[in-house]
Amino acid sequence: MPNNTTLNTVHSIGSVKARSVAAPHRVIAFWHTMIGKKVVMAATGIVLIGFVIAHMIGNLKIFHGPTEINAYSRFLREVGWPALGYGELLWMVRIVLLVCVTLHITAAVQLSRMSWAARPIEYRLKRNLETTFASRMMRWGGALLVVFIVFHLLHLTAGVVGFHAGQFRHLAAYQNVMAAFAVWPIAVFYIVAMAALCLHLDHGIWSMLQTFGWITARNEKTLKAVSRVVALIVFAGFGSVPVSVLMGWLH
Ligand code: HEM
């Protein structure tokens with residue numbers, strides 16, 4: 001026969017279990033809802049758009065010549081000194097970006113699965129009609145961007161692909177970019193990826209504004225135009241670098 005203490009222990013363990021099954025932490029419960037995943041996509045999207053715009057502005061320094069952009073590359077590692085060591089702030093930014101990209105992709109994949117599972121069978125069969133062009137484009141464009149980012153990091157950050165042995169030099173961003181885009185298929189790949197990024201941002205910024213409930217009947221047209229203009233500026237800003245190298249406008 002169990003004594004009272006044992007019974008109380010069993011009872012309290014049981015009730016904790018029951019409570020934790022019935023009421024998971026609010027944040028976790030929110031993550032499991034469709035709106036929770038949309039909010040995660042929108043919030044991480046803001047961080048990623050902020051990075052993309054800052055990176056694009058930084059890249060434009062290439063038009064001021066090698067001294068300026070190479071100094072900028074060094075600044076990215078020295079910023080935060082003496083409070084932080086060499087490259088420490090950059091590593092923090094890298095970790096935040098990695099977390100945001102992971103959450104953004106995980107939420108996107110799970111949202112797709114949830115909306116797919118919620119559809120009646122006959123709709124699933126008529127997939128081409130039911131899946132909107134925009135959502136298919138977001139998925140395929142997003143997949144292309146993942147491929148691009150992996151390639152880009154191995155290419156212009158690590159210098160392990162796309163360069164001859166000894167050609168890539170740490171902190172020599174100008175010379176690295178010039179050598180990188182002298183290989184035209186690589187330059188074209190970058191331009192195509194920037195077009196995919198432009199389409200992704202055009203729809204992504206709009207969806208993010210919708211998720212946050214900022215779109216009204218009065219501002220709808222303006223915000224649609226703002227999303228498009230931001231996407232086109234990002235395309236032009238990034239695309240101008242490989243195009244200028246290909247056209248011989250940068251030496
Ligand atoms: C034509 C377009 C682009 C050019 C010329 C370019 C150029 C560069 C260069 C030169 C670096 C190395 C910087 C350094 O080590 O000092 C770099 C790093 C990086 N780029 Fe880009 N980039 C382009 C587009 C993009 C896009 C569209 C994204 C993201 C969507 C991106 C994400 C990154 C990331 C995450 C890093 C690593 C930063 C770090 O951790 O050091 N880049 N890029």
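Seven helices each supply at least two residues of the shell around the ligand: H3, H4 (66-78), H5 (88-117), H8, H9 (173-181), H10 (184-211) and H11 (220-247). The model is predicted. H8 gives the largest share of this shell, 6 residues. By class, the shell holds 14 nonpolar, 5 polar and 2 charged residues.

Of the 21 residues around the ligand, five come nearest: His-55, Ser-73, Arg-77, Arg-94 and His-152.

| Residue | Ligand atom | Distance |
|---|---|---|
| Ser-73 | oxygen | 2.6 Å |
| Arg-77 | oxygen | 2.8 Å |
| His-152 | nitrogen | 2.7 Å |

Now the metal. The iron atom of the ligand is coordinated by NE2 of His-55 and NE2 of His-152, at 1.9 to 2.0 Å. Helix H3 (residues 34-59) carries His-55 and helix H8 (residues 133-157) carries His-152, so the pair ties together parts that are 97 residues apart in sequence. The iron site has 6 donor atoms, with angles of 87 to 179° among them, and is octahedral.

The two coordinating histidines also have their own burial values. His-152 has a relative accessible area of 15% and is therefore buried, the cut-off being under 20%. His-55 has a relative accessible area of 26%, so this residue counts as partly exposed.

Note on methods:
Residues are numbered from 1 along each chain as its sequence is written. This is a predicted model: local features need pLDDT of at least 70, side-chain atom pairs count only at pLDDT 80 or more; totals for chains, interfaces and linings use all residues. Side-chain values use heavy atoms; hydrogens and water are left out. Donors are N, O and S atoms within 2.8 Å of the metal (3.2 Å for Na, K and Ca); water is not among the atoms, so sites may look incomplete. Four donors count as tetrahedral if all angles lie between 85 and 135 degrees; four count as square planar and six as octahedral if opposite donors are over 155 degrees apart and all others between 65 and 115; anything else is irregular. Helices (H or I, at least four residues) and strands (E, at least two) are DSSP runs, numbered from the N terminus. Buried means under 20% relative accessible area, exposed over 50%, partly exposed in between (1.4 Å probe, protein chains only). A residue is near a molecule or strand if one of its heavy atoms lies within 4 Å of it. A polar contact is a pair of N or O atoms within 3.5 Å; within protein, one must be able to donate a hydrogen and the other to accept it, and residues adjacent in sequence count only if both atoms are side-chain atoms. Ala, Val, Leu, Ile, Met, Phe, Trp, Tyr, Cys and Pro count as nonpolar, Asp, Glu, Lys and Arg as charged, and the others, Gly among them, as polar.
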